[in-house]
Amino acid sequence: MSSVVSVELRGDIALVEINNPPVNATGIAVRKGLLDAVAMAESANAKAAIVYCAGRTFVAGGDISEFGKPPQKPDLPDVYQIIEDSSVPWIAATHGTTLGGGFELAMACDFRLAQKGTLFGLPEVNLGLVPGAGGSQRLPRLIGVEAAVELATTGQLIDAQKLYELGGLDLVFEGNPVEAALAFAQNLPTPLAGLSKRTPAAVAEDFFATKRQEITKRAKGQTSPIDNLNATEWAATLPFIEGQQKERALHLELRDSAQSKALRHAFFSERAVSKPKAIKGGTPLEIKNIAVVGGGLMGAGIAFACLMAGYDVTLIERDQDATDAGRDRVEDLITGGVKRGKISDDKAVKLRNALVASADYAASANADLAIEAVFEDLGVKQQVFQSLAANMSENAILATNTSYIDPTQIFKGIANPSRFIGLHFFSPAHIMKLLEIVQLPSTSKDVLATGFDLGKRLRKVGVLSGICDGFIGNRILSAYRRQADYLLMDGCTPKQIDEAMRGFGMPMGPYELQDLTGLQISWANRKRQAPTRAPDERYVRIGDLLCEAERFGQRSQKGWYAYVEGDRKPHEDAFVTDLITQQSKDAGIERRSFTDQEIVDRLLAVMINEGALIVEEGIAERDLDVDLVKIHGYGFPRWRGGPMHYATEIGMDRVKIIMADVATQSPNSWRLAERLK
């Protein structure tokens, strides 16, 4: 037998255990072991074979480490077909997560049992793939085409009870999987025909055409959702063997596609990002009570996220009116969660009981961690921490949520600097997944490890950053916007730039995004940077002039675009286009046309260059840190893998050529990274 698959005969039942930690993936040893298990069960003339898994989960997918290597026999589809065709009935006793190849294994069995709470799904779409072992062909035959399309094209997981209601399970049990399966086998029903021999129920004639339009719009450039729709359509229109062969061929083809490589890069990066070298040897400190200073949109979002993670939260504001308003904002988030079915009534009561709101810093006395989320002003932030330090333990962790300001200045004069850290949340803080964890020179390893532990508990992607203006994400954003402004001056319009970047896969272009968030934010930052800006750096004043004209974006109904009250759709505005044209004329610039590809190339090149500089300077440890910041904080399309991965995909030589042209067009405005010289 394989070292990871064992067979035990218990009476006339063959118990087949898969033990391939950590997630019992279907690597070559598992595939060979399952073939041997079929042969042993048949030679023993077993009444049934029960396949189950050791550890915390059933098979949770294929062995991604085998991707990029020549396929090794036996192929998984062949193994599963042999299980389905076996003369011995097979029972899948599932628990934990039953995903991808694990779900396909369960579907190859005659009977499917699941421990209560088990999650099922075909997440291959999230890796730029379709299932590779018959999943897209068996699932429509098991639960119907409509439900199968939803699972296969979104990668969403459903629990055992829902799958049972869809007809996908024979039993949902509580307790031990083996004992439940043995009890089930005592009165084994007559097996139905295997799924490969069934015909899925018909759907409406226009079902797939309608779904194709819907999914294309939702996918925003990612191709794997449509690939999965096509594969599911084969199940509805072709014999199983033909559909399964087409599915397998497409799966193998997609393994080498640019989108799958990018999505797999993001997948593995998310597992590596929480383990930077800087926290090696650090131990997370215990955190029970968190003080959040500032009850605005950001502070309320942070407070709500901490409550949802199980922490007690003390919300502190400057006066009673602001305190009441902050409490109301958190209450609105709790109430909204209840209305959407995300929070039970009982949990809502617990969340409310775990929240204290106060206008007195003395309320922070018992907090283990304080997070400041007030206005981006150095003096205001310094005063907050002076007040916190006067009331909290000298060992309590102090964290600033600043977006740009040097944290060492914010904490100046406070005792015990080893406890200082930056925790940069992104708005809305209870939704956005990114958390930049900023290390000060004085931050202890234990405090840094605590930051990462907090991020994990908040279900955030924590990324380590050193100190620079804007840290990782906003520093790249500043370079991106600066180049966009140069393109404006040289011949583009905001609409053309925004449309080009949306065509690349960004959810918004740079000018739509500024109108959404407010032009005054970046204006304040530019004014802060003005004293240290190099005199020979090219500087574009268009954004400043818009702010001086009180065009601050959507909230003022005019910014880079004009807006109609109650409608967020941007409309081109002659005031802006005339202003851009006049600024170009005043600067002696002869405007020219740019293609969308030229726009994308230039904006991506400066993002890549800035990311490379950030890594070279040690602000980020690795390229993958930069990629995840841009994916989770700034909408960079996941299916492109982040700017640094994208650079490897298109070739660094091409980036060098583009960046050399950018530097020529805007002398003294760009410092090239070493790898681009």
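Arginine 459 lies in the loop between helix 17 (445-457) and strand 17 (461-465); helices (H or I, at least four residues) and strands (E, at least two) are DSSP runs, numbered from the N terminus. The phi of arginine 459 is positive, about 65 degrees, although the residue is not a glycine. With a relative accessible area of 73%, arginine 459 is exposed. Here buried means under 20% relative accessible area, exposed over 50%, and partly exposed in between (1.4 Å probe, protein chains only).

This is a predicted model, in which local features need pLDDT of at least 70 and side-chain atom pairs count only at pLDDT 80 or more, while totals for chains, interfaces and linings use all residues. Residues are numbered from 1 along each chain as its sequence is written, and side-chain values use heavy atoms, with hydrogens and water left out.

Lysine 220 also has a positive phi, about 50 degrees, and is not a glycine. Lysine 220 is found in the loop between helix 8 and helix 9, and its relative accessible area of 55% makes it exposed. Most residues other than glycine have a negative phi, and most peptide bonds are trans.

## Cis peptide bonds

A cis peptide bond leads from lysine 73 to proline 74, with omega near 0 degrees. Proline 74 belongs to the loop between strand 3 (48-53) and helix 2 (76-85). Another cis bond joins serine 427 to proline 428, with omega near -5 degrees. Proline 428 sits in the loop between strand 15 (420-425) and strand 16 (434-438).

In helix 5 (residues 145-154), the buried residues are Val145, Ala148, Val149, Leu151, Ala152 and Thr153. Their cover includes helix 4 (135-143), strand 8 (158-159), helix 8 (207-219) and helix 9 (224-237). Glycine 155 follows helix 5 and has a positive phi, near 75 degrees.

Serine 260 is part of helix 11 (residues 258-272). Its relative accessibility is 0%, so serine 260 counts as buried. Leaving aside neighbours within four places in sequence, serine 260 is in contact (heavy atoms within 4.5 Å) with Leu127, Gly128, Leu129, Leu254 and Arg255.

## The nonpolar cores

A nonpolar core is a set of buried Ala, Val, Leu, Ile, Met, Phe, Trp, Tyr and Cys residues joined through side-chain atoms within 4.5 Å. The largest one has 69 residues, of which Ile472 and Trp560 touch the most other members. Helix 24 (residues 596-616) supplies the largest share of this core, twelve residues. Apart from this core lies another, of 40 residues, including Ile279, Ile287, Ala399 and Leu448.

## Packing of helix 24

Two packed helices are described by the angle between their axes and the distance between the axes. Axes are lines fitted to C-alpha atoms, for helices over the stretch in contact, and angles run from 0 to 180 degrees between N-to-C directions. The axes of helix 19 (residues 494-504) and helix 24 are 9 Å apart, at an angle of about 75 degrees. These two helices are therefore roughly perpendicular to each other; angles under 35 degrees count as roughly parallel, over 145 as roughly antiparallel, 65 to 115 as roughly perpendicular and the rest as oblique. Their contact involves Gln496, Ile497, Ala500, Met501 and Phe504 of helix 19 and Asp596, Ile599, Val600, Leu603 and Leu604 of helix 24.

Helix 24 and helix 26 (residues 643-650) have axes that come within 9 Å and cross at roughly 115 degrees. Helix 24 and helix 26 are therefore roughly perpendicular as well.
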